[in-house]
Amino acid sequence: MDKVKKAFSGMSASLLAIVAGLLAGFVILLISNPANAVRGLWTILLGGWNNGMKGMGQVLYYATPIIMTGLSVGFAFKTGMFNIGATGQLMMGGFVSVYVGVTWTFLPGALHWIVALMMGALAGMAWGMIVGLFKALLNVHEVITSIMLNYIALYLINYLIKISYLFDSLKNQSVNVAATAVIPKAGLDQIFFILKGKYHDASSVNAGILIAIGIALLMYVLLNKTTFGFELKAVGYNRHASRYAGISENRAIITSMAIAGGLAGVAGALMYLAPASGMHIHVEEVLAAQGFNGIAVALLGMSSPLGIIFTGLFIAHITVGGAYLQSLRYMKEIIEVIIGLIIYFSAFSLLVRDMILRANKKRRLKAEAQMKPEEES
Amino acid sequence: MSEYIIEMLGITKDFPGIRANDNITLQLRRGEIHALLGENGAGKSTLMSILFGLYQAEKGQIRKDGKQVQVNNPNDANALGIGMVHQHFKLVHNFTVLENIVLGVETTSHGVLKMDQAREKVMSLSKRYGLLIDPDALIEDITVGMQQRVEILKMLYRDNEILIFDEPTAVLTPQEIEELMRIMRGLAQEGKSLLFITHKLAEIMAVADRCTVLRKGRYVGTVDVQDSSPAQLAEMMVGRKVDFNINKQPATPGAPALEVRKLTVDGRGGKKAVDRVSFTVRKGEIVCVAGIDGNGQSELVYALTGLIPSQGDILLNGQPIEKLHIRRRNDLGLSHIPEDRHKHGLVLDYDLQQNLSLKRYYTGQMQRHGFIRFDAVREYARKLIAQYDIRSGQGEDTPVRSMSGGNQQKAIVAREIDIAPEVLIAVQPTRGLDVGAMLYIHEQLVRVRDEGKAVLLISLELDEVFQLADRILVIYEGRMVAEMDAKTATPQELGLYMAGSKKEDRHRG
């Protein structure tokens, strides 16, 4: 009973945050084009439904990588680490999976994409583990290392693509992966499509969303049902007490960051193991936004793997909805501002709520401490 | 003129969810030493904070010389001649004694400090009240006792008439306590009025004229100390008759359980926090390490339990453990009631059952193939809760953060004793607890001893040392300076060792 109540109070906080974010977005809609503002808000809220089942499929498609990066950031949070490096881990995972997808054509059909996906996960894992190693062994703060590693990943990949036969110099991007390396559709294109005459106009959704949800469930079990999860959370809550209880803090930090990196790596693999019409790694100087959106997803989802599935879907939903704002003559740039504002205002209002709660608690603790100062340490 | 210099009448103060002071009356006579007695959480500090202007009361009034006054902040209190020596001194460590005394009320001329006048006044006050100080010494270089004298001089320098002492003896050796008592009597004779907050009965009997007792935020009564007895005061404080003596048979020490040889821990600035310490704790005895706070006790315990690295040998039942990981030491039977229960003892965001299983969750009893057996964890928690009478709002599901300090400590004690340790290291196990919880934990420690286990107790409270110890070791500046039989040791002798003014040669072997 209590558990339900607790989960609900967490959820209602997230919902309130989302409402606050939407209101903030509405203000910008009003400012930039007052006449269409209400319809605009409705368009955002409709999300994928603006384009029927195909639109819903697009929501799932956009949700896939940000659920994964949300899991990555949320998992690291549980061990008390702020993984701002999900974007770098994502790109490393994406690059390695594309490399495998292009070159390891000797692998038989079904195995090819699975191996490519796993290699991507391993690459992200290694990239995340570097952060954990620096933190555990040299006490270098994870935010610093992971930000630097983001840029190292970005330029390293640009370099590696340019010098290798992965480079499509005409389009300034990576070449297509082999057809066997593309994430299969798993029949989802038979659900998420619209009919244009007799033509099935299917969405880009693929098995990636199922993989992401499956991994989220796995993370839930890992965190809540196993001794390993018990240790990671204990370290996150109180590393001194964890040490005292004989938990190896360093091991927890390193494995937690490795797993977080692996999750982001999967995000990259799922993004770039795409057909010719899908996403490619562009050789440009921009960090993948999916990595940073993972932070908002994790915050809104209270770092809970199950919550992250829903917040990932929500953010994808309004992102897709935002795309349809163009039909109301909102400019593309302003749409990005609005969607970005909704996402970050939501996450931010959650932070503010936490700050208020914490301030209240502090005041209460202070009052208690005044009553029994002998308990001060 | 009114008989009372300060009166607090009908004071009521609420904090969210708790009434800290409920209609409390305290009347301080001119020139008396008035003790304020109560357990932790009885509301003493709240009441003094109201008098000092840190809090405002919801109801009630404060009178000075019979006239009602408003105390809205510490400056008001100061203007009324109220001064306070806090339990944790408020001194600037890299300033001199003189600078600290005048800090905030400096005499200046055209913006330039004029210290000569101040120095003269301080020295004459020092002489008049017998408060020996060196005005030019840095605070960080002087003893705690002298720091306290500086705090007292700060009040006198501001011509305070009403002097509040908040648990002033907690940090002092027995000799320093006697000195403080002498100073307090002198101040009263000179016409100052003293309020003395404490929970130590012996000190009240020794120095106070009258005593006001609080219990759970309520006023119990005010008595003349002359006509009272420690037993009566204790009963007023606790609300029932208390027998402070626990039933303890003489120890029957067996084989060595914990042997420490030349243990050294590096401290700050090239000093040794623990310096070549050697001792043995045998099965079936309680060995107590006595000493003033900050003389290496914490580092000693951290080294023994593996929280920090050390040099030297540590043997547990003959097996060297100094190189082993904390988990291995625990599994071999080393158990630890830590000094800081919030930092080390508990994961406050975990619930009670998770905390009770903190040292067992990985055992076959509580996990299978890496999956936690939640039923086993719950069952175990219920057993400990019943056996050790741990009280909480929602039983084993209670977030530990919401539990009272006493019950948090009981949970740690239960966890650490129930793993059936070979050696139990208990660091200030009763700090901040009320008399009931304290007695209970003392009994548990004796029970562990009587079951033939070794107990190493680290305590700052001499009462506790004499209550429990079979053998006493004294630590001073990281060295063991004395070893005494608890039956023959006296507080005075112990105090001399604790202050470092007496040393045994313990580095023979």
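Of the 195 residues in the largest nonpolar core, which touch the most other members?

1. Basis. This is a predicted model, in which local features need pLDDT of at least 70 and side-chain atom pairs count only at pLDDT 80 or more, while totals for chains, interfaces and linings use all residues. Residues are numbered from 1 along each chain as its sequence is written, and chains are lettered from A and ligands numbered from 1 in the order in which they are written.

2. Largest core. Leu273(A) and Val474(B) touch the most other members of this core of 195 residues. A nonpolar core here is a set of buried Ala, Val, Leu, Ile, Met, Phe, Trp, Tyr and Cys residues joined through C-beta atoms within 7 Å. Buried stands for 20 or more other C-beta atoms within 10 Å of a residue's own, with C-beta atoms placed from the backbone. Helix H10 (residues 249–272) of chain A gives the largest share of the core, 15 residues. Domain 2 (243–333 + 420–509) and domain 3 (349–418) of chain B both contribute residues, so the core lies between them; the domain bounds come from an automatic or database domain assignment.

3. Helix H5(B). Helices (H or I, at least four residues) and strands (E, at least two) are DSSP runs, numbered from the N terminus. H5 of chain B covers residues 144–157 and reaches 20 Å from its first C-alpha to its last, close to the 20 Å expected at 1.5 Å a residue (1.5 Å times one less than the number of residues). Its buried residues include Val150(B), Ile152(B) and Leu153(B). Among the elements that cover them are helix H4 (115–129) and helix H6 (174–189) of chain B. Asp159(B), which follows H5(B), has a positive phi, near 55°.

4. Strand S22(B). Six of the six residues of S22 (454–459) of chain B are buried. Ala454(B), Leu456(B) and Ile458(B) point one way, and Val455(B), Leu457(B) and Ser459(B) the other. S22(B) runs parallel to S15 (286–290) of chain B, joined by five bridges, and parallel to S21 (423–427) of chain B, also by five bridges. Strands pair if DSSP finds at least two bridges between them. Ala290(B) stands opposite Ser459(B), and Val423(B) is the bridge partner of Ala454(B).

5. Chain contacts. In chain B, 37 residues are in contact with 24 residues of chain A, contact being C-beta atoms, placed from the backbone, within 7 Å. H11(B) gives the largest share of the chain B side, four residues.

Note on methods
Buried ≥ 20, exposed ≤ 12 C-beta atoms within 10 Å, placed from the backbone. Contact = placed C-beta atoms within 7 Å.
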